[in-house]
Amino acid sequence: MPHQQIKFYQAGSFVAGNRLLPPEERSVQARMDRSNSLTSGHRACQGCGEALGARYVLDAAMRATEGKLIAANATGCLEVFSTPYPESSWRLPWIHSLFGNAPAVGTGVAAALRAKGREDVRVIAQGGDGGTVDIGFACLSGLFERGDDVLYVCYDNEAYMNTGVQRSGATPPAARTSTTKPVGPEPGNAFGQGKNVPLIAMAHEIPYVATATVAELRDLEYKVERAMEIRGPRYIHVFVPCPFGWGSASRDTIRLARLVKETGLFPVFEAVNGEVVGVSKIRRPVPVEEYLKLQRRYAHLFGDDPRDDVIARLQELADRNIRRFGLLTDAPESAGLPGHAGDAADAPPAGVEGESNLMRMLAETHRGAQ
Amino acid sequence: MLKQEEGSQAVAHAVAMCRPEVICAYPISPQTHIVEGLSDRVRRGDLSPCEFVSVESEFAAMSVAIGASAAGARAYTATASQGLLYMAEALYNASGLGLPIVMTVANRAIGAPINIWNDHSDSMSQRDSGWIQLYAESNQEALDLHVQAFKLAEELSLPVMVCVDGFILTHAFERVDLPAQEQVDAFLPAFEPRQMLDPADPVTIGAMVGPEAYFEVKYLMHAKQLDALDRIPRIASEFEEAFGRSSGGLVRGYRTEDAETIVVALGSVLGTIEDVVDELREQGVKIGALGIKCFRPYPLDEVRAALARAGRVIVLEKAWAIGVGGIVGQNVRLALSGLPVSVHDVIAGLGGRPITKRSLRALFADALADRLGPLSFLDLKRDVVERELERQTAGGRPGPHAENILKELGVVAARSH
């Protein structure tokens with residue numbers, strides 16, 4: 001992953017600074033000729049992860065296609081905050097039809113372009129987690145199965161935010177939503193089977209599946225660019241914190257997106273033709289509490305009547321991901337994966353307190369769980 | 001070219017001649033033969049350039065058509081019954097966005113109880129979806145209406161539904177005059193969308209519209225539908241000039257000139273009605289028939305003009321507003337408001353129950369003898385219904401109505417005829 005080879009870090013974070021990079025390696029957002037596909041003036045909340053993710057995704061896709069891009073959008077926050085008639089924040093051809101049909105509308109656009117011999121124009125379809133993993137799921141699976149030339153991007157903020165934070169099929173266990181309130185014997189969302197759409201997409205053996213977060217925006221750009229080099233159905237699942245729905249501070253959006261990956265709760269990986277070919281390693285392992293504590297949707301797990309048992313179950317989920325995807329730098333099962341096992345650049349930089357102990361602890365947890 | 005052809009294949013031929021660029025479909029009886037015929041043509045390369053997309057639902061079929069049409073392609077799909085209901089949300093979206101999609105509805109009953117045979121419950125349920133609705137009387141007209149539908153849809157930028165009676169037309173072999181490609185090309189210009197998704201000229205389609213403008217956008221749809229009332233007869237006469245036969249239009253009267261009684265209907269049942277009209281005319285009865293060819297927009301003035309001089313109107317319809325009465329009947333009464341005409345709704349042919357000449361003779365005799373009420377049900381087995389109602393009134397577990405009624409009838413499985 002090209003973005004991982006950057007060896008400079010800004011103080012206190014692990015994000016590569018654009019200023020330190022040669023121009024060709026800088027983010028699309030750092031370029032004067034960026035397309036501003038989702039331009040300023042829209043009505044997203046302060047700290048909206050979805051707006052940030054969509055901006056990076058579309059500008060990267062616009063750059064990859066030299067501006068020959070059409071977007072189909074599901075109903076949801078992204079659609080509502082960007083197009084209050086007669087205003088529009090979209091600076092590319094964009095269509096919104098319904099909540100559950102963005103993949104099929106994308107298919108229709110792609111079919112039209114094929115019939116017209118305009119396959120130089122590419123198609124992106126996008127929606128939130130409700131529009132993707134729930135109501136649009138049949139259309140998404142159909143798109144994958146048929147092999148249509150559409151990149152589908154899911155911006156996952158783990159609930160129906162646009163309608164007032166109701167539970168979706170992507171809502172994590174224990175999370176408070178307006179339909180899974182912290183009342184009754186099992187407060188928050190149930191520990192269910194989960195609905196991991198990236199893995200379901202992989203089961204369709206489509207050419208490209210990736211996950212990303214808005215904490216690692218160069219990684220997101222890289223994945224979009226890579227996806228646009230491929231024909232056929234592609235799927236990118238972007239983790240986008242929602243300050244409104246999660247009860248988190250607007251300033252913590254990037255922090256939460258970083259922590260969700262560093263805890264192992266959201267594995268960041270790439271898969272080609274149904275097989276994982278690369279994972280973003282955890283650089284500074286953290287227990288799930290650090291991620292949960294910043295969000296009021298998990299407040300019922302802390303405070304006067306702490307639910308250590310529930311937190312432990314969430315930690316188990318993170319540990320399972322760490323094991324399953326080989327997310328630690330010394331994870332033996334990651335040795336065969338293209339990544340950075342043993343790459344010195346990925347070792348945590350000195351000066352972060354408690355780092356090595358925590359690392360050891362998690363590594364032991366990991367081994368113990370096997 | 002004259003050919004003995006199945007209705008579905010005639011429709012497939014007409015659609016292919018219209019050079020659609022994207023066809024998407026999900027299989028449902030009795031629509032299947034139409035899209036099979038089109039799939040064959042695309043696979044053989046006879047219809048090119050055209051993409052045939054096999055989708056996973058009717059909701060997806062209409063959504064693919066929406067995407068394709070918005071990207072500037074001539075888009076077509078076909079469905080029936082449950083399929084039409086399953087795409088209902090997308091139907092309203094296509095009309096709201098003003099996308100000139102053409103769709104065949106192979107008219108079929110809707111469940112429960114599940115039933116694959118013909119009536120108009122499906123398309124009538126979507127009469128207010130903003131789509132133009134044309135009803136074919138014969139296979140020839142089904143074919144011809146599709147050619148006219150693309151022209152109408154694209155002139156107005158509105159979607160058009162061509163309603164063709166399932167099985168009765170779609171699966172019947174009749175002699176049809178198949179148009180040649182050059183004829184259709186001369187009649188139907190290439191699709192030049194008013195607005196499309198194009199990177200060279202980016203537009204936002206499908207914005208969120210609040211109370212300040214929603215009403216106006218919807219009113220524009222109504223205005224376009226009213227505009228269609230002028231365009232439909234013009235396109236029908238252009239068609240007649242180009243192809244040498246009359247098809248389509250808004251309404252078509254049959255022996256209505258001096259008729260005191262006029263029977264109003266839609267679709268294939270008109271043929272049977274006209275046969276009975278001929279019989280009665282021979283007996284000196286002043287009776288005629290009026291076919292409504294275009295139900296949306298509703299040709300209020302034409303219906304009024306055609307029926308104004310009749311004292312009695314019988315509306316024979318294959319669907320109804322349960323709990324109210326006839327749907328077409330309500331519209332006919334609207335057209336006749338203020339006139340001294342008695343209107344009788346007759347619900348008939350539901351779930352494929354045959355509408356026979358014999359039944360019509362008896363029905364019309366009742367009407368002529370002033371024995372017909374405002375709402376009646378042709379060949380409804382009253383005794384069966386009453387016994388089931390009695391059983392329900394008697395109490396106990398309600399049980400499944402459909403099964404009870406089949407038991408009453410002494411059949412173990414549903415039969416078509």
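In strand E3 of chain A, the bridge partner of Ala72(A) is Ala125(A). That pair belongs to a predicted model, where local features need a pLDDT of at least 70, side-chain atom pairs count only at pLDDT 80 or more, and totals for chains, interfaces and linings use all residues. Residues are numbered from 1 along each chain as its sequence is written, while chains are lettered from A and ligands numbered from 1 in the order in which they are written. As for confidence, the model scores ipTM 0.95 and pTM 0.92. Chain B averages a pLDDT of 96, with 98% of the residues at 70 or above; pLDDT is the predictor's confidence in each residue, from 0 to 100.

Chain A comes first. It has 12 helices and eight strands, where helices (H or I, at least four residues) and strands (E, at least two) are DSSP runs, numbered from the N terminus. Of its 370 residues, 54% count as buried. Here, a residue is buried if 20 or more other C-beta atoms lie within 10 Å of its own, exposed if 12 or fewer, and partly exposed in between, with the C-beta atoms placed from the backbone. Among contacts in chain A between residues at least 6 apart in sequence, 69% link residues at least 24 apart. A contact means that the C-beta atoms of two residues, placed from the backbone, lie within 7 Å.

Back to the strand that opened this passage. Strand E1 (residues 69-73) of chain A and strand E3 (residues 122-128) of chain A run parallel and are joined by five bridges; two strands pair if DSSP finds at least two bridges between them. Besides the pair already named, Ala71(A) has Ile124(A) as its bridge partner in E3(A). E3(A) also pairs in the parallel sense with strand E4 (residues 151-156) of chain A, again over five bridges, and there Ile124(A) stands opposite Leu151(A). Seven of the seven residues of E3(A) are buried, so this strand is largely enclosed by the rest of the structure. In a regular strand the side chains alternate between the two faces of the sheet. In E3(A), Arg122(A), Ile124(A), Gln126(A) and Gly128(A) point one way, Val123(A), Ala125(A) and Gly127(A) point the other way, and all are buried.

On to its partners. Six bridges tie E5(A) to strand E6 (residues 234-239) of chain A, and the two run parallel. Tyr208(A) stands opposite Arg234(A) in E6(A). Together with helix H7 (residues 217-228) of chain A, E5(A) and E6(A) make a right-handed β-α-β unit; right-handed means that, with the strands pointing away from the viewer, the path from the first strand over the helix to the second runs clockwise. E5(A) also runs antiparallel to strand E7 (residues 269-272) of chain A, with three bridges between them. In E7(A), Tyr208(A) has Val272(A) as its bridge partner.

Strand E2 (residues 94-96) of chain A and E9(B) run parallel and are joined by two bridges. Trp94(A) has Thr204(B) as its bridge partner in E9(B).

The chains also meet through contacts: 36 residues of chain B touch 38 residues of chain A. On the chain B side, strand E3 (51-54), helix H3 (58-70), helix H5 (88-96) and strand E9 (204-205) each supply at least two residues. H3(B) gives the most, with nine residues. By class, this side of chain B has 24 nonpolar, seven polar and five charged residues. Ala, Val, Leu, Ile, Met, Phe, Trp, Tyr, Cys and Pro count as nonpolar, Asp, Glu, Lys and Arg as charged, and the others, Gly among them, as polar.
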